[in-house]
Amino acid sequence: MRTLSHFINGQDVEGKEEKYTDIYCPNTGTVQARAPLASTETLARAVTAARNAQIEWASTNPQRRARVMFNFKTLVEAHKDRLAQLLSSEHGKVISDAQGDIQRGLEVIEFACGIPHALKGEYTEGAGPGIDVYSMRQPLGVVAGITPFNFPAMIPMWMFGVAIACGNAFILKPSERDPSVPVELAKLMIEAGLPPGILNVVHGDKEVVGGILDHPEIKAVSFVGSSTIAQSVYERGARAGKRVQAMGGAKNHGIIMPDADLDQVVKDLLGAAFGSAGERCMALPVVVPVGDETADALREKLVAAMKNIVVAPSQDPNADYGPVVTAQHKKRILDYIELAISEGAERVYDGNSHPIAQDNQGYFIGPTFFDNVTPSMQSYQEEIFGPVLQMVRVNTFNQALQLASEHQYGNGVAIYTRNGHAAREFARRVNVGMVGINVPIPVPVAYHTFGGWKRSSFGDTNQHGMEGVKFWTQIKTITQRWPDSADENNNGFDIPTMG
Ligand code: NAD
């Protein structure tokens with residue numbers, strides 16, 4: 001069986017006397033590899049390697065750092081098929097979706113290729129008599145990223161792409177459920193010309209996360225995962241004096257106005273609700289039609305279309321989606337389905353009676369659809385993170401707006417309408433971080449920024465785009481004067497003014 005190593009200072013590293021965790025194949029339910037759980041000593045080794053390499057990397061000019069990103073992009077593209085196969089075998093998402101995971105990460109690398117432009121500071125000539133003021137963005141030093149299972153390529157690249165281009169050294173702690181692709185990416189970065197020690201991967205679970213959060217030499221931590229853990233990561237990291245951004249869970253709503261193109265809505269909903277088995281923080285697991293007429297028509301079209309969804313092993317080219325990630329996660333989703341039934345929601349389409357969900361050792365669940373879900377139900381309030389779509393009926397635009405705005409999560413939301421005024425008002429008023437207008441999964445492009453509101457994000461800045469650059473750098477402002485001779489008017493004790 002394959003055993004993973006940590007990747008520290010450009011080399012595979014075995015920790016001493018470490019425990020291991022099993023990595024499953026979600027298609028078959030069998031153990032296919034194992035990964036070590038880093039000890040404090042292994043983490044310390046990674047921090048030392050990062051610290052020793054970072055100073056020279058920070059003084060490497062930004063254009064040279066960008067060139068490494070260009071090389072890395074080319075290398076990942078050359079290895080994309082192999083990486084997508086590996087990713088799919090551990091995560092369970094279909095190959096085309098695994099390629100999308102890599103592609104969306106590469107788009108952030110493309111953004112990082114433009115880092116010289118993003119790092120340009122500001123300059124004011126003549127802010128006072130003979131005085132110029134300028135600012136520079138400098139790296140923080142050694143920084144870390146802790147990532148979830150559901151995007152094992154994209155989310156690490158969101159983080160290390162920008163952080164490293166800004167001149168930091170990075171320690172990545174990937175999800176222990178699918179950690180192989182992150183290690184492969186780190187190796188490709190070395191091949192692309194990154195000095196050893198600038199990108200290190202340590203495997204592990206909550207123990208090593210605690211070690212990262214408490215380590216005095218790690219200056220910033222970016223976390224993506226579930227909300228309860230995101231909040232505790234944010235609090236513990238902030239207590240230790242770090243800069244922390246911690247993205248959490250989601251329950252995104254799709255508002256369907258009576259004038260929406262329902263055929264388009266159905267087509268989009270199938271992918272947004274069930275694609276990747278619903279294991280996306282930007283999935284659309286809640287659909288909110290406005291008016292019973294809209295709801296009834298949508299329900300009929302949706303049920304007809306759901307019959308064509310193909311659930312199959314992730315390597316099957318005909319599969320729309322594959323298994324969920326682990327047996328525990330499958331059980332959790334099935335528990336939510338039972339909860340929804342016990343709360344009185346109407347199960348219109350039963351995914352668990354799908355043959356593949358019954359006769360297979362893999363972690364498959366067919367698509368499930370509930371109508372007549374109400375806001376007071378726990379199964380509506382919480383994130384399920386599976387192929388389960390819930391319909392909440394409302395009568396007016398304002399009720400739909402209020403529903404999405406008052407939910408504990410505020411990651412993404414979508415509205416379907418042909419009315420520009422309704423769309424504009426919705427985008428302006430809704431209490432959610434990312435909004436789609438006739439777009440089901442409004443994941444912003446890399447040079448904009450990604451981040452939710454409310455319990456979907458703790459901390460101040462978002463991922464990638466200029467917000468990412470701000471997160472991974474600190475600003476220094478310089479006020480300079482080069483006098484011809486000593487300024488006789490200032491006795492040196494008064495506060496300097498620009499007047
Ligand atoms: P998770 O919270 O279980 O794990 C995330 C990371 O935290 C992993 O690296 C894991 O090893 C670590 N971890 C696990 N338990 C921990 C603990 N007790 N203390 C400290 N660290 C711990 O999340 P997951 O199941 O891997 O990913 C799915 C979740 O991530 C969903 O809630 C999804 O909505 C969310 N997500 C959010 C975004 C976003 O941008 N908001 C993006 C992707 C995924």
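## Where the ligand sits

In this predicted model, the ligand sits in the largest pocket.

Domain 1 (2–248 + 456–478) and domain 2 (253–437) both put residues into the shell, so the ligand lies between them. Those bounds come from an automatic or database domain assignment.

## Who's around it

The ligand is surrounded by 28 residues (a heavy atom within 4 Å). The closest are Lys173, Glu176, Ser226, Gly248 and Glu383. By class, 14 are nonpolar, nine polar (Gly counts here) and five charged.

## Polar contacts and burial

Now for the N or O pairs within 3.5 Å. Glu176 has a polar side-chain atom 2.6 Å from a ligand oxygen, and for Arg177 the side-chain figure is 3.0 Å, again to an oxygen. Thr147 uses a polar backbone atom, 2.8 Å from an oxygen of the ligand. Alone, the ligand exposes 840 Å², and the protein buries 88% of that (Shrake-Rupley, 1.4 Å probe).

Residues are numbered from 1 along each chain as its sequence is written. Local features need pLDDT of at least 70 and side-chain atom pairs 80 or more, totals for chains, interfaces and linings use all residues, and side-chain values use heavy atoms, leaving out hydrogens and water.

Notes: A polar contact is a pair of N or O atoms within 3.5 Å; within protein, one must be able to donate a hydrogen and the other to accept it, and residues adjacent in sequence count only if both atoms are side-chain atoms. On a 1 Å grid over the protein atoms alone, a cavity is a set of points where a 1.4 Å probe fits but cannot get out, and a pocket is an open set with protein on both sides within 12 Å along at least five of seven lines; lining residues have an atom within 4 Å of a point. A molecule sits in a cavity or pocket if more than half of its atoms lie within 2 Å of its grid points.
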